[in-house]
Structures are given as structure tokens and as C-alpha cells.
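Dear colleague,

I am passing on the structure below, followed by some notes on what was found in it. Please read the notes with the model open beside you.

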Amino acid sequence: MTTLTSPAALAHALDAGAPPHSPGEPLTDGQVGPLIDRIMRRYHDVHLEDFPRAIALARRVEAVHGGDADCPHGLADHLQMMAEDLVGHQQKEEEVLFPMMRAGRGSMLRVAIARMQVEHGDLTGQLTRLAEITRNFSVPEGACGTWRALDQLCRKLDHELREHMHLEDTVLFPHFVGAPQAADQKSRISTNAPVSLAGSLGRRRISTSLRTRAFWAEES
């Protein structure tokens with residue numbers, strides 16, 4: 001069991017790749033802020049760097065190998081959809097949910113967290129579809145370097161998105177609303193053109209920012 005006695009210990013565990021928390025072990029109020037900071041740097045920022053690269057690689061592979069039986073048809077569009085949904089999800093967390101958590105337990109936290117957990121379930125379904133399109137993250141024998149790079153990046157996205165959700169669902173969220181159901185935990189951790197994209201994600205960030213507080217108002 002990893003015992004977290006300080007925010008620094010939690011940050012070190014995350015950096016070292018060690019399990020930062022054991023089921024049932026409470027997170028202290030003093031660890032909430034550092035954990036949120038680490039989630040944003042380690043996951044939010046990294047996802048937004050990885051998705052444009054993955055989409056660009058997928059479009060190249062589909063354009064060059066479209067006639068191959070093993071070509072992951074539809075992968076670029078699926079990754080684009082995932083990226084756009086993720087931008088909206090992370091914007092809600094960064095602009096509303098995380099500030100509420102830093103301020104302490106508020107009356108809206110339970111509603112906000114419940115909404116994020118629903119979206120985590122949606123993302124889990126998207127990851128399942130990602131595995132299907134990529135044939136469980138495999139490439140044919142003799143695949144080109146671009147295709148292999150795409151495969152590795154999709155594997156990385158799958159692993160880190162599941163790790164990200166698991167950290168929030170089993171460590172951060174329970175500090176405010178209690179532990180998640182075991183079945184939900186298991187389903188989320190088990191895994192079996194760039195310039196144009198950047199503009200698209202940027203526009204999505206802006207539009208999401210304008211809608212965020214209205215979204216939470218509707219949920220209340």
C-alpha cells in the first residue's frame with residue numbers, strides 16, 4: 001500500500017509511475033490542490049498534445065493504405081470526435097469543477113462530479129471503439145513506420161486516458177462524494193491535418209468556455 005503523507009509524496013508517486021493511492025485510503029484536503037495540478041499537467045495537457053499527432057498520422061495511414069484489408073478505416077474521424085469531446089470535458093473540469101474542489105465542499109459538487117462520471121462512461125465506450133477500429137492495437141506484418149507510430153500513439157492514448165479516469169474516479173472524486181462502484185472502476189482501467197486540427201480544438205475550447213457555466217446551471 002502506498003501511503004500519502006503529503007502533497008509532495010503524492011506528486012512523487014505520480015511522477016514515478018507508482019500507484020498514487022490505495023482503495024479505501026482517504027485523500028486529505030491538503031492533497032486536493034496538488035493532485036489537481038498534477039492531473040492537469042500530466043494528463044490534460046498531454047492528451048491535447050497527443051490527439052493532433054494521432055489524427056494526423058491516422059489520416060496519412062488511411063490515405064496511403066486505404067485499399068488494404070487491415071487499414072483502420074474511420075480511425076482519424078473517431079480520434080477527431082474523441083478529441084473534441086475531451087476538450088469540452090476537460091474545460092468543464094478546469095473552469096468549474098476543479099475551482100469548486102479547491103474551494104472546498106460545495107452544494108454543487110455532487111451534481112458536477114456525477115456529470116463528469118457520466119462523461120467518463122462515454123469516453124470508456126469511445127476507447128472500446130478505438131480498440132475495435134485498430135484491431136486491438138495491432139498492425140499487419142511489414143507495416144510502415146507511420147502506421148507503427150500511429151499504433152503506439154493509440155496505445156498510449158488508451159492507457160493514459162484510462163489511467164487519468166481511474167485517478168479521478170478512485171482518488172479525487174471519492175474525497176467529495178464517496179467511493180465509486182467496483183464495476184465502474186474495472187471497466188475504465190481494463191484495456192484490451194495538424195494545423196487545421198489545432199484551430200478546430202482551439203475553437204472548441206472557446207465555445208466550451210462560453211457554455212460551461214450555463215451547462216452546470218442546467219444540471220442543477
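Thr134 sits in the loop between H4 and H5, where helices (H or I, at least four residues) and strands (E, at least two) are DSSP runs numbered from the N terminus. Please keep in mind that this is a predicted model, in which local features need pLDDT of at least 70 and side-chain atom pairs count only at pLDDT 80 or more, while totals for chains, interfaces and linings use all residues. Residues are numbered from 1 along each chain as its sequence is written, and side-chain values use heavy atoms, with hydrogens and water left out.

Thr134 is buried, at a relative accessible area of 7%; buried means under 20% relative accessible area, exposed over 50%, and partly exposed in between, with a 1.4 Å probe and protein chains only. A polar atom of the Thr134 side chain lies 2.9 Å from the backbone oxygen of Leu130. Leaving aside residues up to four places away in sequence, Thr134 touches Leu75 and Cys154, a contact being heavy atoms within 4.5 Å.

The loop between helix H4 (109-133) and helix H5 (145-172) also holds Arg135, which has a positive phi near 55° although it is a residue other than glycine, and which is partly exposed at 40%. Phe137, found in the loop between H4 and H5, has a positive phi of about 60° and is not a glycine either, but Phe137 is buried, at 4% relative accessibility.

As for the cysteines, Cys154 is buried at 1%, whereas Cys144 is partly exposed at 28%. The structure holds zero disulfides, a disulfide being a pair of cysteine sulfur atoms within 2.5 Å.

Terms used. A polar contact is a pair of N or O atoms within 3.5 Å; within protein, one must be able to donate a hydrogen and the other to accept it, and residues adjacent in sequence count only if both atoms are side-chain atoms.
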